[in-house]
Amino acid sequence: TVYLITDMERFQPKRKKAKVQRRTFRLLGIKSTTPEELFSRKIDGGEFEEALHLARMYNLDSDRVYQSQWRNSPVSEDTISAYLSKISKKRWVFEECHERVPDTLAAAKKLIEFGLKITSLEALAELAPDGNQSLEDDVKTKEDQVVDKKLTKNGKDWLSLPTRKLSEDQKCLIVTRRTLLRFSDRLHTYEQIISSSETAYDREMYDKFRRQPIVLSAVELARESDHRAVGLLLTYQGHGALPYWLTVLSNFPETTDPAAYKDLLPECSG
């Protein structure tokens, strides 16, 4: 401070010596990598945009990127559109549609809707092997003259297609569609059950319900004295439950008041 006031050299503070840091870098080696290896590392590291760029640049399989994104994302309308719909491996997509169980009821509906869309009659025709007669011609030459509308909505009519002319991908599509139609029916019934009991959607319970025989579900619900759910199964899943109607009713515990499920009991006429 004195130096600043007097500007005399004898009061000038000593200058600090500048410190010089030196660092030595050595190149120990150079490792070459192929586009495929770099592509795999980008996917494993979650760098999906860069992986897609490499796929476009080197003509690599972009399905691997979308598959990884799909596996690591919850099921929703957005992820179905952004990832699953862009995968070209049809069998893989078919399997995801009926094997993956979403975390929410809305997502479960969307996944089934998407699966039914990509397994339509038009999609089946697109998978026809080269040189085969068109699918529509094969269908229309059958004696029962199955119309396209029925083929689209009723899974049973798909069994009447000439299987000797179907490719393996087409057979896989038909099996997938039948499974999805059954799951769609079960999902509707499951929604009615949880709505009547005011319980939340449970992915594990839904997965169990859609896969096991409907009569087994009816018996389990009867043993839990859930007469509302049993009634819904007899109403919406009658083809699988009604033949075992009395067997199901016999599984209500003896302590359950029969008045609670009197509407399910058979009536004597006259």
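**View 1. Lining of the second largest cavity, by residue class.** In this predicted model, the lining of the second largest cavity has 6 nonpolar residues and 2 charged ones. The cavity has a volume of about 30 Å³. The count of cavities of 30 Å³ or more comes to 2.

**View 2. Residues and helices around the second largest cavity.** The lining is made of Cys97, Arg100, Pro102, Ala108, Leu111, Ile112, Tyr206 and Arg210. Two or more residues come from each of helix H7 (105-117) and helix H12 (203-211). H7 gives the most, with 3 residues.

**View 3. Glu204 on helix H12.** Glu204 has its place in helix H12. Its relative accessible area is 61%. Glu204 therefore counts as exposed, as that value is over 50%. Val101 lies 103 residues apart from Glu204 in sequence. In space, Glu204 and Val101 are 8.1 Å apart, C-alpha to C-alpha.

**View 4. Buried residues of helix H13.** Helix H13 covers residues 214-223. Its buried residues are Ile214, Ser217, Ala218, Val219, Leu221 and Ala222. They pack against H12 and helix H11 (168-197). They also pack against helix H14 (227-236), helix H15 (238-241) and helix H16 (245-249).

**View 5. Ser225, after helix H13.** H13 is followed by Ser225. The phi of Ser225 is positive, near 60 degrees.

Key. Residues are numbered from 1 along each chain as its sequence is written. This is a predicted model: local features need pLDDT of at least 70, side-chain atom pairs count only at pLDDT 80 or more; totals for chains, interfaces and linings use all residues. Side-chain values use heavy atoms; hydrogens and water are left out. On a 1 Å grid over the protein atoms alone, a cavity is a set of points where a 1.4 Å probe fits but cannot get out, and a pocket is an open set with protein on both sides within 12 Å along at least five of seven lines; lining residues have an atom within 4 Å of a point. Grid points are joined across faces, edges and corners, and a volume is the space filled by probe spheres set on the points. Helices (H or I, at least four residues) and strands (E, at least two) are DSSP runs, numbered from the N terminus. Ala, Val, Leu, Ile, Met, Phe, Trp, Tyr, Cys and Pro count as nonpolar, Asp, Glu, Lys and Arg as charged, and the others, Gly among them, as polar. Buried means under 20% relative accessible area, exposed over 50%, partly exposed in between (1.4 Å probe, protein chains only). Contact means heavy atoms within 4.5 Å.
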